[in-house]
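Please read the following report alongside the sequence and the three-dimensional view.

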Amino acid sequence: LQREMRRQERLASLGRLVAGVAHEIRNPLTAINCYLQLWQKSGRFPEKPLNTMREEINRLDNLVEKLLCLAKPAEVKKVPYEVNRLVRDSLRFFEEVVGIRIETDFASDLPEVPLDPEQMGRVLQNLFFNACEAMAGGGVLTVRTYKAGDGRHAVIEVADTGCGIPPEHLKEIFEPFFTTKPQGTGLGLSLAKEVVEAHGGRIEVESELGKGTTMRIYLPLREVSVGGEARLGG
Ligand code: ADP
Ligand code: MG
């Protein structure tokens with residue numbers, strides 16, 4: 001019975017996923033189709049719609065790229081890696097963001113942790129990106145690393161002073177295609193969760209509306225074997 005329930009749940013979430021994809025694909029296609037029809041009628045090819053069409057096509061292309069990652073998550077290739085270095089390197093691109101002040105507090109007692117630097121780097125950048133987007137009017141991005149109370153995990157904490165997340169959204173933000181942004185894909189956090197879980201870790205969120213959001217990534221200090229559960233469709 002448990003298995004059947006899990007299967008039903010998976011089917012339901014697959015259904016939501018497909019509906020989400022269909023929607024994401026239809027919007028740009030509709031826009032492109034409209035422009036083509038206009039041109040056919042008028043026989044003119046103005047510059048602006050051309051650019052819009054290119055943007056929409058890029059969006060579709062990005063979406064397909066992310067879908068492929070989601071459908072077949074790249075294998076995580078873990079190597080012993082310094083967490084602080086990973087964080088520092090991933091932050092580099094964000095130092096230029098106007099209106100955002102970055103504060104860091106790196107633990108000095110963290111051993112090297114088994115992780116995939118490329119994939120975990122992307123996860124962190126997704127979190128930093130979200131933080132910056134939540135602080136459109138400026139703010140502080142605070143990034144800390146420390147050893148968890150259980151002594152078995154390294155924690156990477158990403159806190160912003162942005163808009164915060166309404167409590168009713170908290171359950172959904174890790175679902176594929178959940179987004180509140182007009183140009184969002186809603187895939188950043190679902191991919192983040194996927195990758196962190198493939199490391200045997202977990203990701204947690206704490207948020208207060210109008211005050212800010214804190215994301216915490218827990219990574220096991222030592223190698224753990226990860227079952228099929230953590231992988232989508234596995
Ligand atoms: P996207 O950024 O494309 O919308 P994500 O999966 O990265 O997709 O995030 C999903 C949603 O979670 C966002 O649209 C936003 O509503 C919410 N969210 C994520 N991070 C934050 C944050 N730091 N502050 C406020 N809201 C956030
Ligand atoms: Mg995002």
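What covers the buried residues of helix 3? The cover includes strand 1 (79–81), strand 3 (113–115), helix 4 (117–134), strand 4 (139–147) and strand 5 (153–160), where helices (H or I, at least four residues) and strands (E, at least two) are DSSP runs, numbered from the N terminus. Covering is judged by contacts, and two residues are in contact if their C-beta atoms, placed from the backbone, lie within 7 Å. The buried residues of helix 3, which spans residues 83–91, are Val83, Leu86, Val87 and Ser90. They cover an arc of only 95° around the axis, and therefore lie on the same side of helix 3; the arc is that of the directions from the helix axis to the C-beta atoms. A residue is called buried if 20 or more other C-beta atoms lie within 10 Å of its own, exposed if 12 or fewer, and partly exposed in between, with C-beta atoms placed from the backbone.

The model is predicted: local features need pLDDT of at least 70, side-chain atom pairs count only at pLDDT 80 or more, and totals for chains, interfaces and linings use all residues. Residues are numbered from 1 along each chain as its sequence is written, while chains are lettered from A and ligands numbered from 1 in the order in which they are written.

Taken as a whole, the protein has five helices and seven strands, and its elements run α-α-β-α-β-β-α-β-β-α-β-β from the N terminus on. Its C-alpha trace spans about 70 × 50 × 35 Å along the principal axes, and 23% of its 234 residues count as buried. Among contacts between residues at least 6 apart in sequence, 73% join residues at least 24 apart.

The strand pairings are set out below; two strands pair if DSSP finds at least two bridges between them.

| Strands | Sense | Bridges |
|---|---|---|
| Strand 2 (100–106) and strand 4 | parallel | seven bridges |
| Strand 4 and strand 5 | antiparallel | seven bridges |
| Strand 5 and strand 7 (212–220) | antiparallel | eight bridges |
| Strand 6 (202–208) and strand 7 | antiparallel | seven bridges |

Thr142 in strand 4 stands opposite Glu103, and its bridge partner in strand 5 is Ala159. Further along these pairings, Ile156 has Ile217 of strand 7 as its bridge partner, and Glu204 has Arg216 of strand 7. Strand 4 and strand 5 form a hairpin with five residues between them, in whose turn Gly151 has a positive phi of about 70°. The hairpin of strand 6 and strand 7 has three residues between the strands, and there Gly210 takes a positive phi near 80°.

Which residues come nearest to ligand 1? Of the 22 residues around ligand 1, these are Asn130, Ala134, Thr179, Gly184 and Gly188, a residue being near a molecule if its C-beta atom, placed from the backbone, lies within 6 Å of it. Helix 4 and helix 5 (188–198) are the elements that give two or more residues to this shell, and helix 4 has the largest share, four residues.

The protein averages a pLDDT of 88, with 94% of the residues scoring at least 70; pLDDT is the predictor's confidence in each residue, from 0 to 100. Over residues 228–234, however, the pLDDT is below 50, and this stretch has eight contacts in the model beyond near neighbours in sequence. Where pLDDT is low, the predicted coordinates should not be read in detail. For the complex, the predictor gives an ipTM of 0.99 and a pTM of 0.75.
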